[in-house]
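Please look over the model shown below. The paragraphs after it go from the whole chain to a single residue.

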Amino acid sequence: MYPSILIRKKFLDYFKKNNHQIVNSSSLIPENDPTLLFTNAGMVQFKNILTGVEESNLKRVATSQKCIRAGGKHNDLDNVGYTLRHHTFFEMLGNFSFGDYFKEEAIFYAWELLTKEFEVDKKKLLITFFSEDSVTGNIWKKITGFGKDKIISVKSKDNFWSMGEIGPCGPCTEIFYDYGEKFNGSVSRKGITGDRYVEIWNLVFMEFNQIEKNKRINLLKKSVDTGMGLERISALLQNTNDNYQTDIFKETINLITKLSKSENKNSENLSERIIADHIRASCHLISDGVLPSNEGRGYVLRRIMRRGMRHAHILGCSEPVFYKLAPLIINEMGDIFPELKRAETLIIETLKNEENRFKQTIDRGLKILNDEIKKTKNKKLSGNTAFLLYDTYGFPLDLTQDILKDLNISVDLKTFEKKNGRTKKESKTCMERIWRC
């Protein structure tokens with residue numbers, strides 16, 4: 001069994017051996033793209049190189065990039081805990097070529113690393129490629145010896161990557177691991193679905209520039225951008241299909257069950273999974289300079305923290321626990337991401353203060369919400385109640401929605417937005433009066 005720390009090391013060492021420069025992870029706050037809320041993929045720090053905006057001496061690069069997908073276009077927050085593979089924070093292992101090698105070399109590296117370095121059973125692997133990219137399909141056939149049953153031509157646009165409506169783009173090819181017949185899953189020209197087949201690595205070949213909707217030209221420098229989640233490959237190499245059963249999360253979940261005096265039921269640990277994911281995201285965001293607030297990145301952090309803290313409350317924790325989990329995260333990940341150690345005091349104090357604030361309101365807010373749930377008809381909570389919880393008790397709308405999710409109850413959003421808009425307008429008018437005075 002491979003521990004995650006060795007998986008990360010073997011990945012980077014393999015590409016270093018193949019003349020790649022190892023580049024440290026960038027911050028979770030993108031420096032080169034104001035349109036992005038967070039760094040959500042390994043390519044973000046290289047975006048200007050990939051688009052040709054920035055000249056660089058870099059030709060071959062490998063990274064282990066920390067990523068957040070909890071806001072904006074890529075938002076996995078609501079899925080965390082309910083699936084075994086979604087996370088707000090994760091590490092993306094990736095190798096990149098900027099005008100150097102292309103499809104054949106990238107495919108060879110991926111295949112050799114998985115099947116020789118990590119000794120993954122070839123028979124358990126499955127490949128998809130974009131139906132209009134026959135070159136990639138032929139390369140896979142040459143390198144693997146697989147037939148059409150294992151190299152699937154997919155028509156779905158999921159196998160064609162683009163940076164936006166215009167700009168660099170190109171086909172991608174994905175490597176899936178087959179966890180066996182005990183899980184449901186299907187394979188077709190439309191793509192692969194279900195839990196049986198898990199995508200472990202995506203290779204993007206940027207070879208075009210989309211000039212306008214119906215006009216695409218070849219890029220002068222063709223590039224490679226790959227991504228393999230450390231959590232997913234760790235699950236595979238540690239003989240589980242559950243990311244939360246890997247060494248990445250095990251100690252954290254054990255500590256959560258100890259602090260909450262709850263029972264560790266593995267795959268049934270909904271609250272423990274959510275807390276384990278959210279404490280990692282919170283520590284890393286704070287270490288990169290994000291603090292809880294009511295807008296922007298700070299709002300997303302507060303939402304992550306309070307969602308996790310609510311689940312600590314569900315487990316029966318009467319005292320703050322998040323700050324007690326932080327030292328474990330810092331100790332486990334601080335050598336790879338030293339900014340965690342540098343910000344240790346700030347992380348612990350921020351978590352403690354935020355949970356104390358939240359605990360002052362959660363009991364009263366939950367009592368009101370539970371009383372209203374009993375009165376709720378047609379599976380829809382009053383927008384007035386949702387606004388009261390938000391405005392008076394500090395419950396963000398999405399926290400109320402998260403609580404109601406398991407009960408299949410929605411919120412009257414029209415009324416909520418109407419009241420929220422009126423309050424913002426009144427607040428703005430009040431501030432204008434103060435400034436005029």
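**Overall form**

A compact globule of 437 residues would have a radius of gyration near 22 Å, and the 23 Å of the protein agrees with this; the radius is taken over C-alpha atoms, and the globule rule is 2.2 Å times the number of residues to the power 0.38. Along the principal axes, the C-alpha atoms fill a box of roughly 65 × 55 × 50 Å. The model is predicted: local features need pLDDT of at least 70 and side-chain atom pairs pLDDT 80 or more, while totals for chains, interfaces and linings use all residues. Residues are numbered from 1 along each chain as its sequence is written, and side-chain values use heavy atoms, leaving out hydrogens and water.

The protein contains 14 helices and 15 strands, which are DSSP runs numbered from the N terminus (helices H or I, at least four residues; strands E, at least two). Of the 437 residues, 54% are buried (under 20% relative accessible area, with exposed over 50% and partly exposed in between; 1.4 Å probe, protein chains only).

Confidence is given as pLDDT, on a scale from 0 to 100 for each residue. The protein averages 89, and 95% of the residues score at least 70. Over residues 426–437 pLDDT stays under 50, and the model has zero contacts there beyond four places in sequence (contact: heavy atoms within 4.5 Å). Where pLDDT is low, the predicted coordinates should not be read in detail.

Lys215 is found in strand β13, residues 215–229. Lys215 counts as partly exposed because its relative accessibility is 44%. Beyond its neighbours within four places in sequence, Lys215 is in contact with Asn209 and Gln210.

Notes: pLDDT = per-residue confidence, 0-100.
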